[in-house]
Amino acid sequence: MGIVKRISDLRKLMQAEGLSACIIPSTDPHLSEYPAACWKTREWISGFTGSAGTVVVTADNAGLWTDSRYFIQAEAQLVGTGIQLFKDRMPGMPTINEWLGGELEKGTVVGVDGSVFPASDIKDLKLYLSSQNLKLNTGFSPNVLWKNRPAIPTSKAFLLPGEISGLDTKQKKSRVLEEIHREGANATILVALDMIAWLFNIRGNDIDYNPLVVSYAYISDDEVVLFINPEKLNTEIVDYLKLQGVVFADYEKITDYVRNLNSDVRLLINPLKINSALFEAVPGECQVIPVPIHPVDMLKTIKNDTEISGFRNAMKKDGVALVRFWMWFEGALKKGETITELDVEEKLREYRSQQPMYFGESFSSIVGYAEHGAIVHYSATKETNARIQQKGLLLVDSGAQYFDGTTDITRTFAAGELSDSMKNDYTAVLKGNIDLSMAKFPKGTKGVQLDILARKALWDNGLNYLHGTGHGIGHFLNVHEGPQSIRMEHNPVVMMPGMVTSNEPGVYRAGEYGIRIENLILVEKAEETSFGEFYRFETLTLCPIDKNPINKSLLSKEEIDWLNSYHQKVYEILSPELKEEEQKWLKEKTNEI
């Protein structure tokens with residue numbers, strides 16, 4: 001059934017339910033960035049496959065709001081659907097609220113599925129609609145129209161042993177309770193799947209690229225309950241978690257459990273991290289203590305020594321795989337062999353899968369040759385699959401899940417002859433990456449205060465990129481992890497030792513090429529001075545940065561020294577893991593400029 005027919009059927013259902021509009025987000029009841037197939041309602045209704053976007057349908061019109069990563073992709077995928085693209089946060093573009101206010105007659109009703117919206121979003125939406133004399137129905141789901149909708153995943157979970165996690169569940173639970181007590185609470189609900197996976201030291205296969213298990217959790221002074229389909233559990237997990245003081249309940253029982261909480265419960269809630277339907281189930285006699293950042297997110301993002309050691313191991317393995325990939329790519333290209341974007345994706349998987357403790361990709365690889373590189377989250381298909389020529393630039397953003405760590409790396413390769421514009425742009429991006437890598441900053445610094453370091457060389461040349469500079473990385477968890485970030489928008493979370501974050505400036509010239517250079521960086525203590533404690537970044541990623549596109553005259557001596565030092569580190573760590581021929585190749589790639 002085509003997109004136009006689906007929207008037509010949705011409008012009929014809306015009319016039957018007395019609705020004038022319907023809002024469909026990208027999320028699931030766990031507010032995941034990447035939901036399981038059964039919750040990809042927005043993709044099903046619109047045909048747009050990007051990870052972020054919201055569809056709004058009225059009786060006569062429909063729109064998709066998405067961010068700059070997906071503007072080009074969305075334009076292509078929405079052709080013929082009758083859905084208009086709205087470029088989120090761009091000048092002159094209305095917000096969803098503004099658009100609804102202009103589309104709808106006073107007194108009419110907007111429908112949403114409250115189980116897939118954060119409680120905070122529903123609160124804000126209600127306030128806005130009320131100000132416009134519009135009403136909200138939070139019990140409407142278009143999924144009743146979705147024939148052959150996939151089932152909620154039932155794949156088996158597995159245990160992450162202590163030698164990888166560093167702390168057992170009982171230790172983590174104690175730290176969680178300590179943190180919620182600081183806020184005056186004695187209980188909390190966990191909805192986000194990465195929070196639950198971290199606390200219970202479990203992983204799974206329920207969502208592509210993210211080793212997560214569909215579940216909920218409740219933690220209090222009295223009990224710790226894991227709400228999960230019992231089919232997903234094996235004896236090892238059950239025995240381990242029982243020893244850790246965990247009791248089990250069926251996944252579907254979470255709402256009933258919350259409804260029956262007693263008046264002694266002082267419930268810590270991050271309104272951004274609980275779906276509205278579950279939040280509404282909390283009894284009125286319970287005291288709700290809202291917080292802007294959930295303590296579990298903070299505990300999870302500050303990696304312990306065992307997790308950091310795991311990251312280092314994962315980076316070494318990833319570096320070996322990437323060296324072998326690059327050698328293959330360079331050799332095949334010189335021989336004139338046919339290499340396409342999909343070939344590159346397959347080779348990346350092949351070389352990574354040969355590494356110990358490999359679990360899978362951490363996201364769908366972005367392999368963009370020439371103008372495809374300018375599509376920030378491009379995904380090659382059989383229809384778009386470009387052959388790579390011996391000229392121009394190839395952007396490759398990829399990553400892996402290893403049992404001991406998660407990787408995310410972008411390199412932009414010179415496939416052959418380059419223009420001066422390509423070299424100058426590449427060098428500006430490299431300068432941004434290096435300048436952020438070299439940062440030393442006082443305790444209490446936020447990511448927004450560091451973001452300019454990655455952008456200044458681009459801004460000096462009238463260039464910019466619209467995505468963030470850095471996102472947190474989970475430990476064998478989500479490749480995109482909060483709560484910290486490095487971006488132009490304000491985020492109150494300060495950078496703290498133990499946080500692993502990406503460093504990925506870029507520049508994108510539509511219809512020509514794209515450039516991005518990404519490493520993962522670890523916050524660590526630098527020194528204590530009379531002005532207080534200072535931090536710095538250690539670059540964890542181990543892979544040469546292509547020197548061919550560099551315009552050396554644009555780099556400062558300090559930047560050149562950093563690059564040479566980084567390449568020396570890459571060679572020293574990776575070369576013992578490589579064959580003699582590979583060592584010689586790597587030596588050339590890491591020689592000083």
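Buried here means under 20% relative accessible area. All views show a predicted model.

**View 1. Strand β20 is covered on both faces.**
Strand β20 spans residues 409-414. On one side sit Ile-409, Arg-411 and Phe-413. On the other sit Thr-410, Thr-412 and Ala-414. Each of these residues is buried. In a regular strand, side chains alternate between the two faces of the sheet. Six of the six residues of β20 are buried, so the strand is largely enclosed by the rest of the structure.

**View 2. Strands β17 and β20 run antiparallel.**
Six bridges join the two strands.

**View 3. Asp-397 and Arg-516 form a buried salt bridge.**
The closest N and O atoms of Asp-397 and Arg-516 are 2.9 Å apart. Asp-397 lies in strand β17 (residues 393-398) and Arg-516 in strand β26 (residues 513-516), so the pair ties together parts that are 119 residues apart in sequence. Are the two partners buried or exposed? Asp-397 is buried, and Arg-516 is buried too.

**View 4. A network of salt bridges links six named residues through shared partners.**
The members are Asp-194, Lys-273, Asp-297, Lys-300, Lys-303 and Glu-481. They belong to one network. The count of salt bridges comes to 34.

**View 5. Lys-347 and Glu-350 pair within helix α14.**
Their side chains meet in a salt bridge, 3.4 Å from N to O. Both residues lie in helix α14 (residues 341-353). They are three residues apart, about one turn of the helix. Glu-350 has a relative accessible area of 30%, so it is partly exposed.

**View 6. Arg-349 of helix α14 reaches Glu-361 of strand β15.**
The side chains of Glu-361 and Arg-349 meet in a salt bridge, 3.5 Å from N to O. Why does this pair tie together parts that are twelve residues apart in sequence? Because Glu-361 lies in strand β15 (residues 358-361) and Arg-349 in helix α14. Glu-361 is buried, with a relative accessible area of 15%. Arg-349 is partly exposed, at 27%.

**View 7. Helices α7 and α8 pack at an angle of about 120 degrees.**
Helix α7 covers residues 169-182 and helix α8 covers residues 193-200. Their axes are 7 Å apart. The angle makes α7 oblique to α8. From α7, the contact uses Thr-169, Lys-172, Lys-173 and Val-176. From α8, it uses Trp-198, Leu-199 and Phe-200. By class, the contact has four nonpolar, one polar and two charged residues.

**View 8. Six strands form an open sheet with mixed pairing.**
The strand order is β4-β3-β2-β1-β5-β6. Which strands are the edge strands? They are β4 (84-87) and β6 (135-137), each pairing on one side only. Neighbouring strands of this sheet are turned by 25 degrees against each other on average, direction ignored.

**View 9. Strand β1 pairs with β2 and with β5.**
With β2, the pairing is antiparallel over four bridges. Here Ile-23 stands opposite Val-56. With β5, the pairing is parallel over two bridges. There the bridge partner of Cys-22 is Gly-111. Both faces of β1 are covered. Ala-21 and Ile-23 lie on one side, Cys-22 and Ile-24 on the other, and all are buried.

**View 10. Strands β2 and β3 run antiparallel.**
Four bridges join β2 (residues 54-58) to β3 (residues 62-66). Thr-54 of the pair stands opposite Trp-65 in β3.

**View 11. Helices α1 and α5 lie across strands of the six-stranded sheet.**
Helix α1 (residues 3-17) lies across β1 (21-24), β2 and β3. It runs at about 60 degrees to β2. Helix α5 (residues 119-131) lies across β1, β5 (109-111) and β6. Helix α5 runs at about 145 degrees to β6.

How values were computed. Residues numbered from 1 in each chain as written. Predicted model: local features only at pLDDT ≥ 70, side-chain atom pairs only at ≥ 80, totals over all residues. Heavy atoms only, no water. Salt bridge = Lys/Arg side-chain N within 4 Å of Asp/Glu carboxyl O. Buried < 20%, exposed > 50% of the residue type's maximum accessible area, 1.4 Å probe, protein only. Pairing = 2+ DSSP bridges. Axes fitted to C-alpha atoms, helices over the stretch in contact; angles between N-to-C directions. Parallel < 35°, antiparallel > 145°, perpendicular 65-115°, else oblique. Contact = heavy atoms within 4.5 Å. Nonpolar A, V, L, I, M, F, W, Y, C, P; charged D, E, K, R; others polar.
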